[in-house]
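Q: I'd like to learn how to read a model like this one, feature by feature. Could we go through it together?
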Amino acid sequence: MSENSSGSQHEQQEHEHHIVSPLTYLAILIALLCATALTAGMSYIDLGEWHIAPGLTLFWNPVVALAIACTKMTLVILFFMHVKYSPKLTKLTVMAGFFIFLALIGMTMTDYFSRAWGRW
Amino acid sequence: MASGAVAEAHHEHPPYQRHHFETVDQQFDATNFAMWLFLLTEIMFFGGLFTSYLIMRNWYYPAFVEGSHQLSIFWGTANTAVLIISSFTMAMGVWSAEMRRKGLLVFFLCVTFVLGLAFLGIKSIEYHEKWVKHHVPGFHYSASSFLDPASDPEVYKEYHDKPLQPDMAQKTEMYFFLYFAMTGMHALHMIIGISILGYMIFRARQGTYTTGHVTFVENFGLYWHFVDIVWIFLYPLLYLISRY
């Protein structure tokens, strides 16, 4: 087997290493700092609540705070952690991790919410 | 070539490439994948803490609100900014290693190191205040700030919290237990990260990471950003409960 043929085979299979520019990093930094200021500011405003059913109320403040935190996390994962430029295997691994995490939390919470329904 | 068989068995490669990898790229992808698998176990580890927080917060919401009012929003926000900036300098460190610029790499690793220490410094100011006010769970825990909020004028003048019933006031200890467990576990990750950074600064000065060997810097960066993400969630969950 010659060196050339095995070399070109690898070029096809493997992912080219992408270098993210400092300007992208700077833009993400500014976005993250703005989001931090936004989430701190939003916590001083009463965003109200939604009475879904007796004994079941959804407060909007934590929902907004978590939505901002999730946005920040997505920016960090995609750009600082280079997942946007990573092979599909990495993308799949990250998504599988969050899927299992949410499934575990979700199933635990269905149990806790339904056992003492309305009693707390 | 006469030595063809030997060359194939032991072909030329950079010193940082392990023998069992065929190319540097393959080594990078494999170790990067392994690092992500480690981070998934870390998600599950912190996930347990976040789940218990979610359940306790739903059960003892008034205790969590008044416990949260004891935290300094100024120090919490400052620490979030410090950590986000340290993530940026770490990302710039990875870029410096990729561009093979040794001086810049050492500079960015040092800035990240200092910002990490600054985070722990601010955290220790906050921990000390909790210690002084007997808000560390255990034998010396005191719920007096929650049974009689007016006895704690600094917090009272801002939030005018109502006195909690004795059983609910006792549950503030659960809030502080989770506060110390979650931020403590996060701080432990910071301490481990800062220690590895110290080692990396030493190695970077020798030029180890600026010869094309970015794998270690890149994978450490993933760890550092992960610790940043954990804080991104701890900050709103612990500091920003019902501030209005």
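This is a predicted model: local features need pLDDT of at least 70, side-chain atom pairs count only at pLDDT 80 or more; totals for chains, interfaces and linings use all residues.
Q: Which residues of helix 4 of chain B meet which residues in helix 10 of chain B?
A: From helix 4 of chain B come B:Ile73, B:Gly76, B:Thr80, B:Leu83, B:Ile84, B:Ser87, B:Met90, B:Ala91, B:Gly93, B:Val94 and B:Ala97. Their partners in helix 10 of chain B are B:Val217, B:Glu218, B:Gly221, B:Trp224, B:His225, B:Asp228, B:Trp231, B:Tyr235 and B:Tyr239. By class, this contact of helix 4 with helix 10 of chain B holds 12 nonpolar, six polar and two charged residues.

Q: How do the axes of helix 4 and helix 10 of chain B cross?
A: The general idea is that two packed helices are described by the angle between their axes and the distance between the axes. Here, the axes of helix 4 and helix 10 of chain B come within 10 Å and cross at roughly 165 degrees. Angles over 145 degrees count as roughly antiparallel, so helix 4 of chain B is roughly antiparallel to helix 10 of chain B. The crossing of helix 4 of chain B with helix 10 of chain B is left-handed.

Q: What is the angle between helix 2 and helix 9 of chain B, and how far apart are their axes?
A: Helix 2 of chain B spans residues 24-59 and helix 9 of chain B spans residues 172-205; they pack at an angle of about 160 degrees, with their axes 11 Å apart. These two helices of chain B, helix 2 and helix 9, are therefore roughly antiparallel to each other. Their crossing is left-handed.

Q: Which residues meet where helix 2 and helix 9 of chain B touch?
A: On the helix 2 side of chain B you will find B:Leu49, B:Ser52, B:Tyr53 and B:Met56. They meet B:Met174, B:Leu178, B:Ala181, B:Met182 and B:Met185 in helix 9 of chain B. Sorted by class, the contact of helix 2 with helix 9 of chain B has eight nonpolar residues, one polar residue and no charged ones.

Q: How many residues does each chain bring to the contact between chain A and chain B?
A: To read an interface, take its two sides in turn. Chain B brings 41 residues and chain A brings 40 residues. On the side of chain B that touches chain A, helix 2, helix 4 and helix 10 of chain B each supply at least two residues. Helix 2 of chain B gives the largest share of that side, 16 residues. The residues on the side of chain B that touches chain A divide into 25 nonpolar, 10 polar and six charged.

Q: What secondary structure does chain A have?
A: Start with the elements and then their order. Chain A has four helices and two strands, and along its sequence they follow the pattern α-α-β-β-α-α. Of the 120 residues in chain A, 16% are buried. Chain A is also divided into domain 1 (20-81) and domain 2 (86-114), and the C-alpha centres of these two domains of chain A lie 19 Å apart.

Q: Is A:His82 buried or exposed?
A: For burial, count the C-beta neighbours around a residue. A:His82 counts as buried because it has 21 C-beta neighbours inside 10 Å. A:His82 lies in the loop between helix 3 (60-80) and helix 4 (88-115) of chain A. Look at its backbone too: A:His82 has a positive phi of about 60 degrees although it is not a glycine.

Q: What is phi of B:His160, and where does B:His160 lie?
A: Phi of B:His160 is near 45 degrees, a positive value in a residue other than glycine. B:His160 lies in the loop between helix 7 (153-159) and helix 8 (166-170) of chain B. With 10 C-beta neighbours inside 10 Å, B:His160 counts as exposed.

Q: Which residues is B:Val136 in contact with, leaving aside its neighbours within four places in sequence?
A: B:Val136 is in the loop between helix 5 (102-132) and helix 6 (144-147) of chain B. Its contacts beyond those neighbours are B:Lys130, B:Trp131, B:Tyr141, B:Phe176 and B:Phe180. B:Phe176 is 40 residues from B:Val136 along the chain, yet their C-alpha atoms are separated by 6.7 Å. B:Val136 counts as partly exposed, with 18 C-beta neighbours inside 10 Å.

Key: Residues are numbered from 1 along each chain as its sequence is written. Chains are lettered from A and ligands numbered from 1 in the order in which they are written. Axes are lines fitted to C-alpha atoms, for helices over the stretch in contact, and angles run from 0 to 180 degrees between N-to-C directions. Angles under 35 degrees count as roughly parallel, over 145 as roughly antiparallel, 65 to 115 as roughly perpendicular and the rest as oblique. A crossing is left-handed if the near helix is turned anticlockwise from the far one by less than a right angle, and right-handed if clockwise. Two residues are in contact if their C-beta atoms, placed from the backbone, lie within 7 Å. Ala, Val, Leu, Ile, Met, Phe, Trp, Tyr, Cys and Pro count as nonpolar, Asp, Glu, Lys and Arg as charged, and the others, Gly among them, as polar. A residue is buried if 20 or more other C-beta atoms lie within 10 Å of its own, exposed if 12 or fewer, and partly exposed in between; C-beta atoms are placed from the backbone. Domain bounds come from an automatic or database domain assignment.
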